[in-house]
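Thank you for sending this entry for comment. My notes follow as numbered points, starting with the charged pairs and ending with the chain as a whole.

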Amino acid sequence: FRRVLFRSGTLNAGAGATLLFTGNGGTHSVNALMTGAGTYAFNNNGTSSVTGSYTGNSTLSVSNGTVTFNASTAMTPGAIVLTGGTTSFNSAQAVSTASLTLSSATMAGSGNMTLTGSGTMNSSVLTGSGTLTIGAGASFVTTGPNTQVWSGGRVVENLGSLTFAGPQSVRLDTGGATVNNKATGVVTFRSEEHTSELQSRG
């Protein structure tokens with residue numbers, strides 16, 4: 001068992017640089033200022049917890065393990081890329097990003113997030129009681145062929161463009177999910193070969 005602690009100070013991932021949290025199990029605990037325009041990459045087959053402050057326009061990447069963000073300040077990463085594992089945003093502080101990618105990953109938590117640019121979801125789970133807001137002028141596309149799962153009371157507020165691009169299914173699972181399409185929002189069901197469908201279970 002290994003535990004890596006960052007209790008204070010500043011972590012700066014400069015432009016073009018990557019700060020990698022990795023390992024075969026164990027725990028990372030980060031309570032420091034995370035800043036810069038590079039990449040913070042989590043690939044630890046264990047748990048990682050971030051409770052400090054997060055600034056800058058960096059890329060936040062999770063490919064493995066369980067990562068929980070409970071930042072003490074608003075988070076504004078330029079891009080969030082989730083390609084594996086489970087990432088939870090639980091802070092009462094807002095999260096805002098211009099780019100969101102979910103691919104074979106789970107995004108969870110009670111915290112709220114605003115997408116200001118483009119997002120995609122493929123073979124992933126969107127869960128937890130937080131709200132994902134698709135901002136005016138932003139777009140979020142779910143793509144097939146595998147089932148997407150929305151659950152846990154998740155709320156999606158659409159002020160931009162939400163597209164379900166087939167062939168695929170979006171399953172509303174335990175705890176359900178709510179999509180609120182606002183006056184400026186457009187929801188599109190687009191099908192290629194098969195039908196895009198919404199399923200409800202549990």
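1. The closest N and O atoms of Arg-171 and Asp-173 are 2.9 Å apart, and the two residues form a salt bridge. The coordinates come from a predicted model, and the remarks below should be read with that in mind. Asp-173 counts as buried, because its relative accessibility of 10% falls under the 20% cut-off.

2. The structure holds 2 salt bridges, and Lys-182 takes part in one with Glu-157, where the closest N and O atoms are 3.4 Å apart. Lys-182 sits in the loop between β20 (177-181) and β21 (186-190), while Glu-157 belongs to strand β17 (residues 154-158), so this pair ties together parts that are 25 residues apart in sequence.

3. Gln-148, which is found in strand β16 (residues 148-150), is buried with a relative accessible area of 0%. A polar atom of the Gln-148 side chain lies 3.2 Å from the backbone nitrogen of Ser-124.

4. Which residues touch the most other members of the largest nonpolar core? They are Phe-42 and Trp-150, in a core that counts 38 residues. Two or more residues of this core are given by each of β6 (39-50), β7 (59-69), β8 (79-82), β10 (95-103), β12 (113-122), β14 (131-134) and β18 (161-165). The largest share, 4 residues, comes from β7.

5. Leaving aside residues up to four places away in sequence, Phe-42 touches Phe-21, Met-34, Ser-48, Val-50, Leu-60, Ser-61, Val-62, Ser-63, Asn-64, Val-67 and Phe-69.

6. Turning to the chain as a whole, the assignment gives 22 strands and 0 helices. Of the 202 residues in the chain, 47% are buried, and the chain exposes about 8,500 Å², of which carbon and sulfur atoms supply 49%. When contacts between residues at least 6 apart in sequence are considered, 27% of them join residues at least 24 apart.

Conventions. Residues are numbered from 1 along each chain as its sequence is written. This is a predicted model: local features need pLDDT of at least 70, side-chain atom pairs count only at pLDDT 80 or more; totals for chains, interfaces and linings use all residues. Side-chain values use heavy atoms; hydrogens and water are left out. A nonpolar core is a set of buried Ala, Val, Leu, Ile, Met, Phe, Trp, Tyr and Cys residues joined through side-chain atoms within 4.5 Å. Buried means under 20% relative accessible area, exposed over 50%, partly exposed in between (1.4 Å probe, protein chains only). Contact means heavy atoms within 4.5 Å. A salt bridge is a side-chain nitrogen of Lys or Arg within 4 Å of a carboxyl oxygen of Asp or Glu. A polar contact is a pair of N or O atoms within 3.5 Å; within protein, one must be able to donate a hydrogen and the other to accept it, and residues adjacent in sequence count only if both atoms are side-chain atoms. Accessible areas come from the Shrake-Rupley method with a 1.4 Å probe; for residues, only the protein chains shown count as cover.
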